[in-house]
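The stops below are in the order in which to select them.

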Amino acid sequence: MFTEADRNHMTRALELAERGLYTTTPNPRVGCVLVRDGEVVGEGWHERAGGPHAEVVALEAAGTRAKRSTAYVTLEPCAHHGRTPPCSEALIRAGVGAVVAALQDPNPLVAGKGLEALRAAGIETHCGLLENEAREVNIGFLSRMTRARPWLRMKIAASLDGRTALSNGRSQWITGADARRDGHHWRARACAVLTGIGTVMEDDPQLTVRDVETPRQPVRVVVDSRLEIPAAARVLGPGTLIAAARDDSLRRAALQARGAEIIVVPNTAGKVDLGALMAELARRGMNEVHIEAGYKLNGSLLRENLVDELVLYLSPSLLGDAARGMFHLPDLADLSGRRELELREVRNVGADLRVLARVKGA
């Protein structure tokens, strides 16, 4: 159905979409290429929420040459009024002859309505070209739209024997500078960076993006059931979210003075309801959450089936059995209870090894 030229144009549209990797939250990352008589006449990508969508940017670049062109777009053109008018209407007004979408938009406000509007206007439409690649670009947005929770990506730095810190909690630095810099790219693409109170107490991290250039900082989220976080903690600042299991007016006032917001989401055990927290982050428009926590919170998130993906940095070193592991998990009586992963990529980053793995079923 699709030609090699079609695939090349959609590949280019996906490259354009990735230019919005750090900036489009809470919107999806979208690229568009307009082709007329085999010639590219316009390109565009969505840069940030509130700005023009990819199709509009490409149409403006093409001008009158957009008429009778084919639009290759990585996500179904929108059909609703948000901060900007519907892209489907812009394509119709421009007189494009065909639209090829990589993926149907699962947003209930769109969900096929964009393609339907185009077809009703006499425009030829196709969907599904490089669909899997398009899903990867917007995996967090798709998760939020279809599961009402963000895509959770957990980053762990460990020794080759799977140890993340010494028994006294010291962990800086197990991996090298190249791996740490690479980790900041994953922070930068996320909508939020999440950690636990244990990590704050032991490491006092900032959890900001520093080693790569980015126009925005992800929201910082701390899971702190008893509101124990010191008011001087470096992670605090305007927009920081503290997820607690109980409220305390005095502690709340001190943390709010640092710019933090308190979210009280208790479970029946008196701890933070992690599932409810993820639902709240999704409600706030967060597509991808990057986790940098200790083995206890890592284990809790994994036990509650909230982790989708792991980014593991393994250093060529051994710390021994007394050091802390990656996850605090219950003992297994049978291997049938193990958590199975799908390896996606293994590569060297400096002197360390980076392993990308998905939790099966994510």
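**Stop 1: the cavity**

One cavity of 30 Å³ or more is counted in this predicted model, a cavity being a set of points on a 1 Å grid over the protein atoms alone where a 1.4 Å probe fits but cannot get out. The largest cavity has a volume of about 60 Å³; grid points are joined across faces, edges and corners, and a volume is the space filled by probe spheres set on the points. Select Thr 24, Asn 27, Arg 29, Asn 287 and Glu 288, which are the closest to the centre of the largest cavity among its 13 lining residues; lining residues have an atom within 4 Å of a point. By class the lining has five nonpolar, six polar and two charged residues (nonpolar: Ala, Val, Leu, Ile, Met, Phe, Trp, Tyr, Cys and Pro; charged: Asp, Glu, Lys and Arg; polar: the others, Gly among them).

A note on reading the values: residues are numbered from 1 along each chain as its sequence is written, and side-chain values use heavy atoms, with hydrogens and water left out. Because the model is predicted, local features need pLDDT of at least 70 and side-chain atom pairs count only at pLDDT 80 or more, while totals for chains, interfaces and linings use all residues.

**Stop 2: salt bridges**

The term means a side-chain nitrogen of Lys or Arg within 4 Å of a carboxyl oxygen of Asp or Glu. Helices (H or I, at least four residues) and strands (E, at least two) are DSSP runs, numbered from the N terminus. Are Arg 153 and Glu 288 buried or exposed? Both are buried, where buried means under 20% relative accessible area, exposed over 50%, and partly exposed in between (1.4 Å probe, protein chains only).

Now extend the selection to Arg 29, Glu 136, Arg 189, Glu 309, Glu 342, Arg 344 and Arg 358, which are linked with Arg 153 and Glu 288 in a network of salt bridges. The structure holds 30 salt bridges. Another one joins Glu 280 and Arg 284, at 2.7 Å from N to O. Glu 280 counts as buried because its relative accessibility is 17%, whereas Arg 284, at 31%, is partly exposed. Glu 228 and Arg 226 also meet in a salt bridge, at 3.4 Å from N to O.

**Stop 3**

Show E11 with side chains. Glu 288 and His 290 point one way, Val 289 and Ile 291 point the other way, and all are buried. In a regular strand the side chains alternate between the two faces of the sheet.

E11 pairs with E6 in the parallel sense over four bridges, two strands being paired if DSSP finds at least two bridges between them. Select Met 154 to see one of these positions: its bridge partner in E11 is Ile 291. Strand E7 (residues 192-196) also pairs with E11 in the parallel sense, over three bridges, and Ala 192 stands opposite Val 289.

**Stop 3: helix H11**

Move on to helix H11 (residues 295-303), where Leu 297, Asn 298, Gly 299, Ser 300, Leu 301 and Leu 302 are buried. Which elements cover them? The cover includes E6, E7, strand E8 (219-223), helix H10 (274-283), E11 and strand E14 (352-359).

Next select Asn 305, in the loop between H11 and strand E12 (309-315). Asn 305 has a positive phi of about 55 degrees although it is not a glycine. With a relative accessible area of 54%, Asn 305 is exposed.

**Stop 5**

Select Ala 148, in the loop between helix H6 (139-147) and E6. Its phi is near 60 degrees, a positive value in a residue other than glycine, and Ala 148 is partly exposed at 48% relative accessible area.

Then go to Pro 26, in the loop between helix H1 (4-17) and strand E1 (31-36). A cis peptide bond joins Thr 25 and Pro 26, with omega about 0 degrees.

Finish at Arg 163, in the loop between E6 and helix H7 (177-189). The C-alpha atoms of Arg 163 and Met 326 are separated by 6.3 Å, although these residues are 163 residues apart along the chain. Leaving aside neighbours within four places in sequence, the contacts of Arg 163 include Ala 157, Ile 174, Leu 319 and Asp 321, contact meaning heavy atoms within 4.5 Å.

Technical notes:
1 Å grid on protein atoms, 1.4 Å probe; cavity = no way out; pocket = protein on both sides within 12 Å on 5 of 7 lines; lining within 4 Å.
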